[in-house]
Amino acid sequence: NKIGTFGLSVVFMGLIMMYIGILFEKDGIVMRLFMILGLLGIMGRRVVYFWMGMVCRKGVEVEWGKWGKGRKIVGGVDMWMEWGERV
């Protein structure tokens, strides 16, 4: 969840930088600089989510109790959202 939150914050930071660029509408160079930085921030989200996908692929799969369903564990503690129990 923390990695996903970071990825989402990167997107919002990129959008905020683009809006700041609009404030410098009269100075074309500064506006372009903020727009490019904002676009790079939004594209940086791809790197974060790719990294998150690679981390999740390396997770250990455990079989959960009486239901016998598998679940990948990435961190030390995980929640089984379907039943609201800790794994």
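This is a predicted model: local features need pLDDT of at least 70, side-chain atom pairs count only at pLDDT 80 or more; totals for chains, interfaces and linings use all residues.
The protein has 87 residues, of which 17% count as buried, and its secondary structure consists of 2 helices and 4 strands.

**Order of the elements**

- Read from the N terminus on, the elements of the protein follow the order α-α-β-β-β-β.
- Helix α1 covers residues 2–23, and helix α2 covers residues 28–57.

**How the two helices pack**

- Two packed helices are described by the angle between their axes together with the distance between those axes.
- For α1 and α2 the angle is about 170°, and the axes lie 7 Å apart.
- Helix α1 is therefore roughly antiparallel to α2, since an angle over 145 degrees counts as roughly antiparallel.
- Sorted by class, the residues in the contact of α1 with α2 are 20 nonpolar, 7 polar and 1 charged.

**Residue pairs separated along the chain**

- F12 and I42 stand 30 residues apart along the chain, and their C-alpha atoms are separated by 7.9 Å.
- For M43 and G14, which are 29 residues apart along the chain, the separation of the C-alpha atoms is 8.7 Å.
- M43 itself is found in helix α2, and with a relative accessibility of 45% this residue counts as partly exposed.

**A nonpolar patch on the surface**

- F12 is also one of the residues of a nonpolar patch on the surface, which is formed by L8, F12, L15, Y19, I22 and Y49.
- Taken together, the residues of this patch have about 580 Å² of accessible area.
- Helix α1 contributes the largest share of the nonpolar patch, namely 5 residues.
- L15, another member of the patch, has its place in helix α1.
- The relative accessibility of L15 is 33%, so that this residue, too, counts as partly exposed.

Conventions. Residues are numbered from 1 along each chain as its sequence is written. Side-chain values use heavy atoms; hydrogens and water are left out. Axes are lines fitted to C-alpha atoms, for helices over the stretch in contact, and angles run from 0 to 180 degrees between N-to-C directions. Angles under 35 degrees count as roughly parallel, over 145 as roughly antiparallel, 65 to 115 as roughly perpendicular and the rest as oblique. Ala, Val, Leu, Ile, Met, Phe, Trp, Tyr, Cys and Pro count as nonpolar, Asp, Glu, Lys and Arg as charged, and the others, Gly among them, as polar. Patches are made of residues with over 30% relative accessible area and no salt bridge: like charges are joined within 9 Å, nonpolar side chains (Val, Leu, Ile, Met, Phe, Trp, Tyr) within 5 Å. Accessible areas come from the Shrake-Rupley method with a 1.4 Å probe; for residues, only the protein chains shown count as cover. A salt bridge is a side-chain nitrogen of Lys or Arg within 4 Å of a carboxyl oxygen of Asp or Glu. Buried means under 20% relative accessible area, exposed over 50%, partly exposed in between (1.4 Å probe, protein chains only).
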